[in-house]
Amino acid sequence: MRHHRKTLRRSVLAATCALTLLGASACALTGGGAASSSSAAGGTDASLAAGSGTAPTYPAPIPLADGAAASLDKLTYDGGTPTIAYLPMGTEFNYHLALYEGIKSVPGAESFMLSPYSGSDQAGQLGMLQDVTSRPDVDAILLISFDEHSLAPLVQKAVDAGKAVIIINSDIPNYPSPVDGVVGVSQRVANKKLAQHAVAQSDGSPRQVGILNGEPSYLDTERSGGFIDGLAGSNWTVKTQINGGWSVEKGNTAAMDLLQANPDVTVLYAANDYMAEGAALAVKSLGRTDVQVYGYDGDTAAIEAIANGDGITATTDTDPVAMGAMAAQYAIDLLNKKAQVGYVDAPTEIVTKNNAVSILQDPAGLFPKPSKDY
């Protein structure tokens, strides 16, 4: 799908939130497009329109679980160009910046990103959610929620304050407090397919599998659980699981510990690409040539590693730029009451050595850009 993308209208500043490099704890970036009428929800890939000056479309929303949908009657938006606040968990993750590339490319709204640098700084995100809830100029909040139970009380306050709150990069059907929408991919389904693909491509011999979990959360439960589901009926067995902390550094440490304690493990699955990148470094450091590494997300560096045969075997590309565009347009449509509260299911693609180069040859839809031309 990436070959359909148009060049994004704006790009993140080269020194993305340079303050974070100097040790500051938070990042704020602004963006937005000229006002235009919002499009009705449809079935077209959002990447066709992201950054092209036309409103992207998205699959029709699927109803949330009973009691999980907020009422659009609570919205206080009364017309004009809406302001969207995007609150990811941390700017240390390029994936979260890629989502913002899509968000700010959508015409018809102004947007800004407010985020801690560290993805483990939940207190920082809680404070930022309180801040944007109190701002009368903020109409919608796009939120990445790793710990939904900690954030739920503040999400409820944001909804009660008349904001449209959309959980992004998730498929949770029953957020602990009612929300106006969820945009993401079917994580359990996607990771089950990745595991089934891995088994199908193997030589048929039994394998011991190690799992690098993210921090305890709905996201990890669905991703790691989906991969384990995909191994059912095969001769691949999960030997052990360990918390890889979502980051490259923590994933590297976790993979080193796992492989040294379990030398019979020859497959590593990581619940995001950053941990997979750290795992690939661990495999290389240990001189292991018999270990396959699988990730999830579609980070540019992971796709390059796959293309170059540099430690990662395959990943699931969730196309964050297009997902961000979908989420922003959905927020605009909800504010204008042109869409129903629900879950928007974005497409995915398994990336292997066979298609990684073709993805990298169309860098317009990637953030960050590839390190070289392919």
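Reply: Let's start with a cut-off: a residue counts as buried when its relative accessible area is under 20%. Keep in mind that this is a predicted model. Gln292 has 19% relative accessibility, so Gln292 counts as buried.

Me: Where does Gln292 lie, and what does Gln292 touch?

Reply: Gln292 lies in strand β10. Leaving out residues up to four places away in sequence, Gln292 touches Arg207, Trp236, Thr266, Val267, Leu268 and Thr313. There is also a polar contact, at 2.6 Å, between the side chains of Gln292 and Tyr294.

Me: Okay, now the rings. How is a pair of aromatic rings described?

Reply: By the distance of the centres and the angle of the planes. A search of the whole structure turns up 5 aromatic pairs. One of them is Tyr86 with Tyr100, a stacked pair at 5.9 Å centre to centre, with 10 degrees between the planes. Tyr86 sits in strand β2 and Tyr100 in helix α2, so this pair ties together parts 14 residues apart in sequence.

Me: Are Tyr86 and Tyr100 buried or exposed?

Reply: Tyr86 is buried, at 0% relative accessible area, and Tyr100 is buried at 0% as well.

Me: What about the pair of Phe227 and Tyr294?

Reply: Their ring centres are 6.2 Å apart and their planes are at 40 degrees, so that pair is tilted. Phe227 lies in helix α6 and Tyr294 in strand β10, so the pair links parts 67 residues apart in sequence. Both Phe227 and Tyr294 are buried.

Me: Which residues form one aromatic cluster?

Reply: Phe227, Tyr269 and Tyr294 do.

Key:
Residues are numbered from 1 along each chain as its sequence is written. This is a predicted model: local features need pLDDT of at least 70, side-chain atom pairs count only at pLDDT 80 or more; totals for chains, interfaces and linings use all residues. Side-chain values use heavy atoms; hydrogens and water are left out. Rings of Phe, Tyr and Trp (its six-membered ring) pair if their centres lie within 6.5 Å; planes under 30 degrees apart count as stacked, over 60 as edge-to-face and the rest as tilted. Helices (H or I, at least four residues) and strands (E, at least two) are DSSP runs, numbered from the N terminus. Buried means under 20% relative accessible area, exposed over 50%, partly exposed in between (1.4 Å probe, protein chains only). A polar contact is a pair of N or O atoms within 3.5 Å; within protein, one must be able to donate a hydrogen and the other to accept it, and residues adjacent in sequence count only if both atoms are side-chain atoms. Contact means heavy atoms within 4.5 Å.
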